[in-house]
Amino acid sequence: MRKKIVAGNWKMNTDLHEGLELAKAVEEASQGKKRDAIVIIAPPFTHLAKISEVISDVKLSAQNCASEESGAFTGEVSPAMLRSSGAEYVIIGHSERRTYYHEENVVLNRKMRLAVSNGLKPVFCCGEMLEEREAGVLFDVIKEQLKVGLDGLSEKDIANVVIAYEPVWAIGTGVTASPDQAQEMHRFIRDVLEELFGHDVAASTTILYGGSCKPSNAKELFSNPDVDGGLIGGASLKAEDFIQIVNAF
Ligand code: PEP
């Protein structure tokens, strides 16, 4: 059985007080509920340690990590620091990091290796731009992101990796991939994982959909056989909306 996951990526939103309130509201709505899905929140770095004190059912993720272990890298935050602040997961390769901070597949691979060797569970994002979809190269783009991004990871490492398919044209745009488009790409991703790591790994890896997922479309998206949950941006900033998405399972 694959793990179902709904993860909220808060991006650069909320001050510490607002973040604590939001985390508490999500925790309160989750506590004691017997759910199929693991609920994760990814607040900004500055909130992690405090938020780790107010959640227990809800799991904690960072939104990024450094590609180096430690040292003279001003402004960076290492996987070990994240672990010691209470994070269990880390988002790596979000399209906003790829686009605005020019993080390419090779550097993302370094982050992946470092994250797993420090005991973090990476949520590895992949996704094509609209031009790439229109040019018909979407599958090549995703395959390359996976091949390079996951290079050198062992089967044991991959057991702790979650993949998020996030078509760039759907992130924060209000345009959602259709359930068929999502299923088609998730199936393809599973096939690539099979090619790279074998059948068992492919069958047991959780693959999330991300891109304008909201309470009104979550159920339909999650009902696809290869869609194991969602990475949620905008809709994770309102506890009620986020919990409604969690309840779509
Ligand atoms: C995201 O940033 O990972 C995301 C999916 O954003 P949104 O849900 O706002 O499209």
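Predicted model: local features only at pLDDT ≥ 70, side-chain atom pairs only at ≥ 80, totals over all residues.
Residues are numbered from 1 along each chain as its sequence is written, and side-chain values use heavy atoms, with hydrogens and water left out. Local features need pLDDT of at least 70, side-chain atom pairs count only at pLDDT 80 or more, and totals for chains, interfaces and linings use all residues.

**Ligand site**

The ligand is surrounded by 14 residues, a residue being near if one of its heavy atoms lies within 4 Å. The closest are Lys11, His94, Glu166, Gly172 and Ser212. By type, the shell holds 4 nonpolar, 8 polar and 2 charged residues; Gly is counted as polar.

| Residue | Residue atom | Ligand atom | Distance |
|---|---|---|---|
| Glu166 | polar side-chain atom | oxygen | 2.7 Å |
| Ser212 | backbone N or O atom | oxygen | 2.7 Å |
| Gly233 | polar backbone atom | oxygen | 2.8 Å |

Taken alone, the ligand exposes 290 Å², and the protein buries 96% of that (Shrake-Rupley method, 1.4 Å probe).

Strand S4 covers residues 89–92; strands are DSSP runs of at least two residues (E) and helices of at least four (H or I), numbered from the N terminus. Tyr89 and Ile91 point one way from S4, Val90 and Ile92 point the other way, and all are buried (under 20% relative accessible area, 1.4 Å probe, protein chains only).

S4 pairs in the parallel sense with S3 (residues 59–62) over 2 bridges, where pairing requires at least two DSSP bridges. Tyr89 in S4 is the bridge partner of Ser61. Between S3 and S4 the chain passes through helix H3 (residues 79–84) in a right-handed β-α-β crossover (clockwise from the first strand over the helix to the second, with the strands pointing away from the viewer). S4 also pairs in the parallel sense with S5 (residues 121–126), over 4 bridges, and Ile91 stands opposite Val123 in S5.

Methods
Polar contact = N/O pair within 3.5 Å; in protein donor to acceptor, adjacent residues only side chain to side chain. Buried < 20%, exposed > 50% of the residue type's maximum accessible area, 1.4 Å probe, protein only.
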